[in-house]
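Here is a short report on one protein model. Please look over the sequence and the structure first, then read on.

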Amino acid sequence: MSAMYVATGAALWGIIGLFTRSLYSDGLSPMQITLTRCLVTLIGIAIAIMIVDRKLLRIEFRDIWMFIGTGLCSIVFFNVMYFTTQQMVSLSTAGVLLYTAPCFVMVMSMVLFKEKATKRKLLALLIAFIGCVFTTGLGTGDMNMGIVYGILAGFGYALYSIFGKFALKKYSLLTILFYTFLIASLCLIPFCDTPYVIGSMDDTDVLLNVLGLGILSTILPYYFYTVGLNGMDAGKASIIAFIEPMVATLVSIVIGDPFGIMNIIGIVLILGSVMLLNSGSADDDSIQT
């Protein structure tokens with residue numbers, strides 16, 4: 001069931017390009033789009049906490065570092081890098097670059113959480129990444145500084161799994177999401193011409209895209225992903241989330257990007273890696289104790 005939650009969250013993240021492409025055309029910058037995403041999410045989570053249990057707002061000040069990690073180091077950094085990448089390369093290429101994240105997660109998880117690296121996990125990672133390369137056609141001419149920004153986005157994305165794993169040992173999902181997006185919003189507001197961003201939402205098209213970005217591609221997937229993360233190790237969750245670039249590629253097809261046999265092979269490989277990862281014991285063929 002945990003794998004299903006992670007996969008659902010990843011699929012919802014995969015449609016993010018539908019909203020960001022429109023917001024770029026409406027004149028918002030990557031940092032401003034990140035701010036709208038954070039504000040909508042923050043408001044949604046705050047409402048949920050008011051309904052469920054206000055005590056969820058309580059945290060110990062000494063734990064603020066966890067939320068600085070998830071909010072500033074991950075959400076702000078990763079989103080700005082990722083949205084910049086989407087402006088410079090295709091949605092599918094941006095998606096595969098984001099998925100350098102499992103490489104970072106696996107290494108950091110082995111060091112910080114003493115998670116085991118198994119032959120099954122490493123093979124699934126390799127197959128999934130090869131699938132992403134096929135799916136996006138990486139290396140066929142779509143090379144510029146967007147590649148660098150995409151890899152940086154992958155590193156920032158990985159940090160959410162790491163800091164989130166620490167936070168889940170002590171706090172609930174809603175608490176983590178609230179303080180993550182509170183800190184992210186507070187860090188962004190001084191640098192985004194916030195009055196202009198808020199004023200732009202008078203346009204119905206902008207408002208609908210902002211709500212779609214905040215609810216369909218942020219609140220719901222972070223909920224599903226974090227619930228799933230609580231039931232498995234961070235490295236495994238990050239590999240299952242390779243479904244995101246597959247969905248991003250399908251979105252590219254819908255909006256008119258080219259698609260061929262290489263993309264089909266890539267999608268099959270990604271699905272195969274997820275099936276491999278979820279077959280047998282998570283500790284099979286351990287190569288580290």
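## Terms and overall build

Buried means under 20% relative accessible area, exposed means over 50%, and partly exposed lies in between (1.4 Å probe, protein chains only). Of the 289 residues of the protein, 54% count as buried. This is a predicted model: local features need pLDDT of at least 70, side-chain atom pairs count only at pLDDT 80 or more, and totals for chains, interfaces and linings use all residues. Residues are numbered from 1 along each chain as its sequence is written, and side-chain values use heavy atoms, with hydrogens and water left out.

The protein has 14 helices and zero strands. Both are DSSP runs, numbered from the N terminus: helices are H or I with at least four residues, strands are E with at least two. Along the sequence the pattern reads α-α-α-α-α-α-α-α-α-α-α-α-α-α.

## Contacts and surface

A contact means heavy atoms within 4.5 Å. Take contacts between residues at least 6 apart in sequence: 90% of them join residues at least 24 apart.

The accessible surface of the protein comes to about 12100 Å². Carbon and sulfur atoms account for 71% of that surface. These areas come from the Shrake-Rupley method with a 1.4 Å probe; for residues, only the protein chains shown count as cover.

## Aromatic pairs

Rings of Phe, Tyr and Trp (its six-membered ring) pair if their centres lie within 6.5 Å; planes under 30 degrees apart count as stacked, over 60 as edge-to-face and the rest as tilted. How many aromatic pairs does a search of the whole structure find? The search finds 12. One of the pairs joins phenylalanine 78 and tyrosine 82. This pair is stacked, at 6.1 Å centre to centre with 25° between the planes. Phenylalanine 78 and tyrosine 82 are four residues apart in helix H4 (residues 64–88), so about one helical turn separates them. Phenylalanine 78 is buried at 4% relative accessible area. Tyrosine 82 is buried too, at 3%.

Tyrosine 223 and phenylalanine 224 form an edge-to-face pair. Their ring centres are 5.5 Å apart, with 70° between the planes. Tyrosine 223 is partly exposed, at 37% relative accessibility. Ring pairs also link a cluster of Trp13, Phe78, Tyr82, Phe83, Tyr157 and Tyr225.

Threonine 85 sits in helix H4. Is threonine 85 buried or exposed? Threonine 85 is buried, with a relative accessible area of 0%. Leaving aside residues up to four places away in sequence, threonine 85 touches Ala94, Leu97, Gly146, Tyr149 and Gly150.

Valine 105 lies in helix H6 (residues 101–112). Valine 105 is buried, at 1% relative accessibility. Valine 105 and tyrosine 157 are 52 residues apart in sequence. In space, their C-alpha atoms are 9.0 Å apart.

## Helix H5 against helix H13

Two packed helices are described by the angle between their axes and the distance between the axes. Axes are lines fitted to C-alpha atoms, for helices over the stretch in contact, and angles run from 0 to 180 degrees between N-to-C directions. Helix H5 (residues 91–98) and helix H13 (residues 243–254) pack at about 175°, with their axes 8 Å apart. H5 and H13 are therefore roughly antiparallel to each other. Angles under 35 degrees count as roughly parallel, over 145 as roughly antiparallel, 65 to 115 as roughly perpendicular and the rest as oblique.

The contact is made on the H5 side by Leu91, Ser92, Gly95, Val96 and Leu98. On the H13 side, the residues are Glu244, Pro245, Ala248, Thr249, Val251 and Ser252.

## Two loop aspartates

Aspartate 26 lies in the loop between helix H2 (16–25) and helix H3 (30–52). Aspartate 26 is partly exposed, at 26% relative accessibility. Not counting residues up to four places away in sequence, aspartate 26 touches Tyr196, Asp205 and Val206. Aspartate 203 is 177 residues from aspartate 26 in sequence, and 9.4 Å away in space, C-alpha to C-alpha.

Aspartate 193 is in the loop between helix H9 (173–188) and helix H10 (194–200). Aspartate 193 is partly exposed, at 46% relative accessibility. Phi of aspartate 193 is near 50°, a positive value in a residue other than glycine. Most residues other than glycine have a negative phi.

## Cysteines

A disulfide is a pair of cysteine sulfur atoms within 2.5 Å. The structure holds zero disulfides. Cysteine 73 is in none, and the nearest cysteine sulfur, that of cysteine 187, is 9.0 Å away. Cysteine 73 is partly exposed, at 31% relative accessible area. Cysteine 192 is in no disulfide either; the nearest cysteine sulfur, that of cysteine 38, is 9.0 Å away. Cysteine 192 is buried, at 2% relative accessibility.
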